[in-house]
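I opened this one up to get my bearings and jotted down notes as I went. Here is what I looked at.

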Amino acid sequence: MRVGKLPARKARILAVRYLGAGVVTLLFLFPVYWLFMISFKTPDEIYHVPPLWIPGQIQFSNYYVLFRDGDVLAILNSLIVSGVSSGIAIVLGTLCAYSLARFGTGGENLAMWIISQRMIPPIAVVFPIFLIYVYLGLVDGYFGLILLYTAFNLPYVIRMMRGYIVDVPLELEESALVDGLNRWEVIWKVVFPMVRPGLMATSVFTFVFAWNDFLFALVLTRTEVITFPVMLTHYFGGQSNFWAKIAAMSVLGTLPIFVAVSVMQRYLVRGISLGAVKG
Amino acid sequence: MADVKLSGVHKYYGNVHAVRGVDLTIADGEFAVLVGPSGCGKSTLLRTIAGLEDPDGGTITIAGAVVNDLRPRERNIAMVFQNYALYPYLTVSENIAFGLRARKTPEIEIRKRVSEAAEMLGIGNFLQRYPRQLSGGQRQRVAIGRAIVRKADLFLFDEPLSNLDAQLRDEMRTEIKRLHHEITTTMIYVTHDQVEAMTLADRIVLLRDGNIEQQGAPLELFEQPRTGFVAGFLGSPSINLIPATFRTNGPGAAVVFQTGGELTLPSAKARPLANMDGRDILVGIRPQHFSRAGGPLREGVVPYSATADLIQPTGTRTFTTIRIGGTDAVAELQAHDVSSHGERIDLAIDLNRVVLIDPASGLVIA
Ligand SMILES: Nc1ncnc2c1ncn2[C@@H]1O[C@H](COP(=O)(O)OP(=O)(O)OP(=O)(O)O)[C@@H](O)[C@H]1O
Ligand SMILES: [Mg+2]
């Protein structure tokens with residue numbers, strides 16, 4: 001019987017651990033849960049005392065209002081700005097990273113200098129950029145934001161992709177060069193497939209950086225191209241807050257990130273399992 | 001098919017002078033092996049021929065055309081790398097077809113050549129697998145298959161077998177040799193393994209510190225080394241080098257060891273040293289030139305009595321360490337010639353093929 005005791009003790013410890021982890025998880029998930037619930041509630045239910053855990057019925061009128069009034073255009077704007085800027089940053093950044101990794105462009109220092117751009121506090125540069133943008137007429141347009149997000153994401157992409165590219169065995173590229181590919185084909189047919197999981201993860205992060213930016217969007221947009229985080233602030237009024245709209249808009253703004261992260265997860269898992277069965 | 005000609009090829013990596021003016025001609029269809037110790041510049045030379053490195057001097061000619069300014073893909077060569085360099089995201093058949101697809105070969109032709117190569121290399125059953133599902137030996141076959149299907153002018157190999165275990169290495173070595181007989185393309189093969197060099201090569205090019213130390217047919221290098229380095233590099237176990245002094249006495253001559261004792265040289269070996277009485281000399285005796293004494297001694301074979309120290313049986317032969325001239329030497333004897341440590345053995349040394357080296361210059365005198 002003494003043998004049986006140990007597993008029982010272990011099981012108890014394990015149960016306590018899971019319980020603790022569960023509690024913490026619930027704690028963290030609660031705001032998300034509450035956000036979703038509010039987005040489905042009627043105004044009465046939102047202000048109900050005591051608070052209602054579950055809305056009486058799932059109804060979409062809060063979302064309907066956003067679509068009716070055209071507020072969802074902010075989501076579309078965010079999608080365009082984030083999508084285009086991270087696409088450009090990925091393409092340009094990967095090519096830069098290839099050059100750094102394979103041709104030693106700029107030596108070891110350039111790579112470090114590039115990433116240091118990322119460490120500048122954004123608030124310190126936002127007003128000079130604002131002034132330049134006013135001068136160039138770039139305020140309140142897609143192009144200005146795309147340019148800015150591309151510039152901000154490039155160092156990150158270069159940094160990450162350089163690491164992935166360095167890990168690609170050089171012989172694979174050399175073999176392809178001997179077999180008849182030119183440099184561009186080598187990048188497309190050898191390097192790209194090898195770094196694909198890393199590239200996907202990096203893409204998701206650049207997208208999320210741009211998606212979540214509030215500071216630049218706030219300063220550099222007016223009425224034409226309002227992104228989702230800025231739109232959200234319009235619902236916080238002096239007298240009252242539009243909780244229903246805030247919740248519905250937040251949910252809409254979170255969905256693309258859910259999608260993006262689930263994509264990344266697939267590639268991360270693949271990347272890991274590829275490494276595991278090697279050899 | 002192509003001959004290869006290098007003249008005055010230099011290569012620097014920063015301050016490292018990796019290749020120092022190499023002149024080399026490899027005939028059409030020849031199997032040339034570049035061999036030498038680690039860091040002697042074998043890979044660098046091969047990569048320069050491939051166009052993966054730009055030479056800092058000299059010209060490289062393939063099939064009569066200077067290729068210095070051509071990119072690797074324009075040289076019509078195929079290369080097999082040490083780490084196989086297979087694309088992990090492609091199946092075996094896609095890997096083999098990779099170079100053909102890159103050159104826009106018609107799909108029917110691709111399929112034909114892939115199945116031919118697969119047949120030749122015995123990998124027909126793995127064509128739909130991925131490289132990670134293959135053993136090391138199978139992977140290297142795929143890598144060789146990828147080179148074969150290209151039907152290139154010139155094959156380059158950079159230590160293709162060094163990642164394989166000993167038995168597989170022997171097996172693959174035989175296959176590469178057979179392959180060369182079948183396709184008769186010019187091949188340049190880099191290895192640091194002298195057994196591989198000896199068994200595969202039509203011509204061995206022995207490199208040392210970025211220079212060609214000696215080149216020629218395997219047995220030519222083995223039997224007539226130009227320097228002590230060549231004598232020491234080829235042969236396994238390696239040649240025994242014993243310091244001694246040269247003495248003439250009348251018409252004959254002998255080498256006298258510092259610890260006393262001497263070996264009388266056959267006249268053919270003594271003649272080139274006629275006026276070198278008293279000179280220091282390194283006496284090179286290959287382990288194979290020792291044998292158990294028995295019966296009358298042939299001309300040039302001298303008796304030597306020694307104590308067996310370490311005994312290493314390999315099954316067919318037994319390597320025995322003995323003392324000679326104050327130095328440990330290895331004698332390769334028949335399996336049952338010696339049985340126990342400390343045993344007294346009467347040996348015969350065949351001095352007809354002894355190598356006499358000038359210790360100052362490292363050159364072989366006789
Ligand atoms: N990319 C490089 N940068 C700097 N030095 C290099 C580079 N590649 C090779 N070298 C140097 O050049 C010399 C020749 O190298 P190489 O790789 O040709 O040797 P090797 O004969 O192939 O040796 P091994 O048997 O170890 O492969 C060495 O001293 C090496 O350190
Ligand atoms: Mg090498």
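This is a predicted model: local features need pLDDT of at least 70, side-chain atom pairs count only at pLDDT 80 or more; totals for chains, interfaces and linings use all residues.

**Entry 1**

I began with α4 (residues 136-148) and α5 (residues 166-183) of chain B, whose axes come within 11 Å and cross at roughly 15°. That angle is under the cut-off, so I call α4(B) and α5(B) roughly parallel to each other. I noted the hand of the crossing as right-handed.

Which residues meet here? On the α4(B) side I listed B:Gly137, B:Gln140, B:Arg141, B:Ile144 and B:Ile148. Facing them from α5(B) are B:Leu168, B:Glu171, B:Met172, B:Glu175, B:Ile176 and B:Leu179. Sorted by class, this contact has six nonpolar, two polar and three charged residues.

**Entry 2: the six-stranded sheet**

Next I traced an open sheet of chain B with six strands in the order β6-β7-β8-β3-β9-β10, and found its pairing mixed. Its edges are β6 (77-80) and β10 (211-216) of chain B, each pairing on one side only. From one strand to the next, the twist averages 15°.

I looked up B:Val80 and found its bridge partner in β7(B) to be B:Phe157.

α4(B) lies across β6 and β7 of chain B, running at about 175° to β6(B). α5(B) packs on the sheet too, touching β3 (31-35), β7 and β8 (186-191) of chain B. I read about 165° between the directions of α5(B) and β8(B).

**Entry 3: the five-stranded sheet**

I found another open sheet in chain B, this one of five strands in the order β13-β12-β11-β14-β21, with antiparallel pairing. Here β13 (262-265) and β21 (355-357) of chain B are the edge strands. The twist averages 40° from one strand to the next.

How many bridges pair β14(B) with β21(B)? I get three, in the antiparallel sense, with β14 covering residues 280-285.

**Entry 4: stepping back**

Last, I looked at how chain B is divided: domain 1 spans 4-225 and domain 2 spans 240-357. Taken over C-alpha atoms, the centres of these two domains of chain B are 40 Å apart.

Key:
Residues are numbered from 1 along each chain as its sequence is written. Chains are lettered from A and ligands numbered from 1 in the order in which they are written. Side-chain values use heavy atoms; hydrogens and water are left out. Domain bounds come from an automatic or database domain assignment. Axes are lines fitted to C-alpha atoms, for helices over the stretch in contact, and angles run from 0 to 180 degrees between N-to-C directions. Helices (H or I, at least four residues) and strands (E, at least two) are DSSP runs, numbered from the N terminus. Angles under 35 degrees count as roughly parallel, over 145 as roughly antiparallel, 65 to 115 as roughly perpendicular and the rest as oblique. A crossing is left-handed if the near helix is turned anticlockwise from the far one by less than a right angle, and right-handed if clockwise. Contact means heavy atoms within 4.5 Å. Ala, Val, Leu, Ile, Met, Phe, Trp, Tyr, Cys and Pro count as nonpolar, Asp, Glu, Lys and Arg as charged, and the others, Gly among them, as polar. Two strands pair if DSSP finds at least two bridges between them.
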